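Hi,

Here is the structure I promised to pass on. Have a look at it first, and then read my notes below.

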Amino acid sequence: MGLPRLVAVAFTLALVSIFLPLPFSLAGEITSIESVPDLQKLMYVAVDGYPCVRLLNLSGEIGCSNPGLSKVVAPLIKLKDVKDLVEPHTVLVTADEMEDFFTRVSNDLSFASKIGGVLIESGSSFQQKLKGLSPDKMFPQAEFSPYKNVEYKWNPMASSIMWKAYNFPVYLLSESGITAVQKFLSKKDMKHKTYTSDVAEFNMVMETTKAGTHNSEACLQEGTCLPLGGYSVWSSLPPINVSSSNNRKPIVLTVASMDSASFFRDKSFGADSPISGLVAFLGAVDALSRVVGFSNLKKQLVFLVLTGETWGYLGSRRFLHELDLHSDAVAGLSDTMIETVLEIGSVGKGSSGGINTFFAHKTRVSSATNMTLDALKIAQDSFTSKNIKILSADKTNPGIPPSSTMAFMKKNPQTSAVVLEDFDTKFVNKFYHSHLDDLSNVNSSSVVAAASVVARTLYILATGSKDTSSSATSSSALGSIHVNASFVEELLACLLSCEPGLSCNLVKDYISPTNTCPGNYAGVMSGEPSSNPYLGSVSDVSRFLWNFLAEKTSVQKGNTTSSCSKGTCSRTDQVCIKAESNKEGTCVVSTTRYVPAYSTRLKYADGAWTILPQNTSDSMGMVDPVWTESNWNTISVQVYTVQHSAYDNAVLVAGITVTLLAYIGIMVAESFIAKALKQD
């Protein structure tokens with residue numbers, strides 16, 4: 001390069017520095033960046049949380065999804081700052097604004113069209129100031145009611161927002177997610193730059209949206225969804241001799257549910273409804289496992305934990321269907337031998353003023369029902385503290401509340417059953433099927449009290465004595481049955497929190513959990529249903545329950561135990577427990593089984609699910625929605641800052657202008673310098 005050209009370039013750089021001063025305000029931050037991933041972390045902030053996903057049934061879809069086939073990127077704005085939106089935005093909504101916001105979206109299509117995505121800010125502080133938040137219906141699953149008054153308002157806090165479809169992504173922020181978004185927005189406020197926007201990017205594309213399959217039948221045919229369901233568990237105390245049908249005893253069936261629901265898939269703790277009942281159920285089983293002589297009692301105790309109950313009573317309906325089929329999943333049981341059903345519902349909010357009050361909702365007047373009610377009263381009176389009250393539910397109620405017992409009633413209207421709840425005429429849980437129904441929404445003393453009265457009630461029923469003053473039901477016999485309060489409190493922490501969650505010692509003693517946080521969402525059926533399923537397709541909670549119940553209801557013959565390294569035992573009356581948590585499991589004599597829980601309208605064959613024709617003799621099948629969940633590849637949310645297109649255009653114009661000026665400057669300077677050199 002000649003001297004004229006060098007001088008021209010120097011002149012041009014000086015010119016550029018005048019016209020386009022470059023800001024290097026990030027130089028301090030850039031010096032700490034050592035790789036491309038470091039730069040990405042600086043620019044893009046990943047947001048942790050819980051998605052609302054797309055669910056489908058035979059008539060349509062509910063839930064949330066990106067509207068198209070690509071990511072959604074939309075500027076962030078707080079709901080309180082929303083006025084007249086010109087373009088779609090990501091709206092930051094607080095928990096107390098949630099119900100009104102989604103109601104407005106459903107009623108105002110113009111407003112809905114301006115919603116690009118939604119981030120929900122929630123937390124314990126909102127539980128204190130909210131009067132209630134329940135996205136479910138006034139009468140949950142009224143289509144399965146055994147009585148006609150389906151307009152009854154069991155759930156007065158209902159808004160029904162979880163049963164509608166939203167064509168934009170919705171994401172519940174975790175505590176760390178809230179911190180990340182607030183920190184991001186605060187940085188923006190400090191910079192005061194008008195030429196940038198903070199945006200949220202949602203990668204929540206559902207396969208059913210991509211394929212255009214907008215109901216369960218279509219998506220199952222195309223393979224873009226899977227049916228909701230999982231595995232229920234049942235066990236008997238004492239074990240049943242499956243190989244012999246002689247001397248079968250009448251069955252006292254105790255029922256609880258393990259699944260819940262909410263607006264957000266993986267934030268469905270369901271603390272009061274129904275997990276408090278499940279924990280009380282397990283507390284009662286634990287207490288009864290220490291009682292000797294059950295083999296000599298007149299009744300057979302059977303414990304049943306159902307899943308999929310939130311989505312059309314999948315567990316209870318499938319259990320009853322398996323009984324009709326006399327399948328291996330229910331070998332040793334017969335529906336004709338079920339004398340009475342005792343269901344433990346929501347029992348986490350029964351404590352008030354030191355008194356724990358529960359309400360007994362009965363199906364019909366019968367000798368078996370009266371026997372259960374009498375047993376509850378005897379159990380109540382057996383406590384010296386007198387801090388437990390069992391009251392009969394209001395006679396003006398239309399019938400039993402929403403519960404698994406409804407499926408038993410629809411199957412057989414003559415079913416004798418009692419449902420134990422912490423409410424009388426309406427739910428006292430103001431966060432029914434909400435993400436706010438967490439550990440802080442239940443009282444452990446109420447759960448312990450429920451477990452205590454249930455344990456003693458079952459013992460009274462198992463004696464089969466009609467004389468309530470007999471020695472079998474004497475205070476000395478009942479006084480030996482105690483619930484371990486520490487066990488109940490530990491179990492609540494395991495099933496209703498993420499710390500310790502399923503990594504607690506109690507759970508890890510039985511299984512190796514795949515997740516720490518117990519979502520308590522039913523999940524999907526990912527393979528062929530079986531009474532001896534591949535454990536990889538069984539949820540953590542179901543596997544824990546199977547191992548726990550198998551151990552607590554087991555007997556050991558000859559005071560000897562045998563190991564089972566591969567999960568199988570040599571004897572048919574034995575099962576292998578704790579094979580996951582230990583290198584070698586232990587074989588015990590127990591009648592504990594998995595029961596697949598999925599719609600009775602579905603059939604699995606040749607690696608695919610198909611919908612069966614309606615059967616007019618199956619009244620529940622006739623109204624079965626057949627719930628499915630859309631598949632997806634990944635779900636993620638991140639926030640970052642982008643420049644306005646107007647600013648980008650201005651920079652482009654400035655760059656072109658500078659380039660032209662630089663070119664002209666070079667030509668002029670080169671000509672001027674050349675002339676000067678010639679004169680010299």
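Let's start with a question: which hand does the link of Cys-494 and Cys-504 have about the S-S bond? The link is right-handed, with 120° about that bond.

Before the rest, some housekeeping. This is a predicted model, where local features need pLDDT of at least 70 and side-chain atom pairs count only at pLDDT 80 or more, while totals for chains, interfaces and linings use all residues. Residues are numbered from 1 along each chain as its sequence is written, and side-chain values use heavy atoms, leaving out hydrogens and water.

Back to the cysteines. A disulfide here is a pair of cysteine sulfur atoms within 2.5 Å, and the count comes to six. In general, a disulfide is a covalent bond between the sulfur atoms of two cysteines. For Cys-494 and Cys-504 the S to S distance is 2.0 Å. Cys-494 is in helix 16 (residues 485-496) and Cys-504 in the loop between helix 16 and helix 17, 10 residues apart. (Helices are DSSP runs of H or I with at least four residues, strands are runs of E with at least two, and both are numbered from the N terminus.) Cys-494 is buried at 0% relative accessible area, and Cys-504 is buried at 4%; buried means under 20%, exposed over 50% and partly exposed in between, using a 1.4 Å probe and protein chains only.

Compare Cys-569 and Cys-587: their sulfur atoms are 2.1 Å apart, and with -105° about the S-S bond their link is left-handed. Both of these cysteines are buried too.

Now the rings. Rings of Phe, Tyr and Trp (its six-membered ring) pair if their centres lie within 6.5 Å; planes under 30 degrees apart are stacked, over 60 edge-to-face, and the rest tilted. There are 26 aromatic pairs in the structure. One of them, Phe-427 with Tyr-432, is tilted, at 4.6 Å centre to centre and 40° between the planes. Trp-546 and Tyr-594 are stacked instead, at 5.6 Å and 10°.

Finally, find the open sheet of eight strands, with mixed pairing and the order 1-27-10-5-6-7-9-2. Two strands pair if DSSP finds at least two bridges between them. Strands 5 and 6 pair in the parallel sense over three bridges, and Leu-76 stands opposite Thr-90 in strand 6.

Cheers
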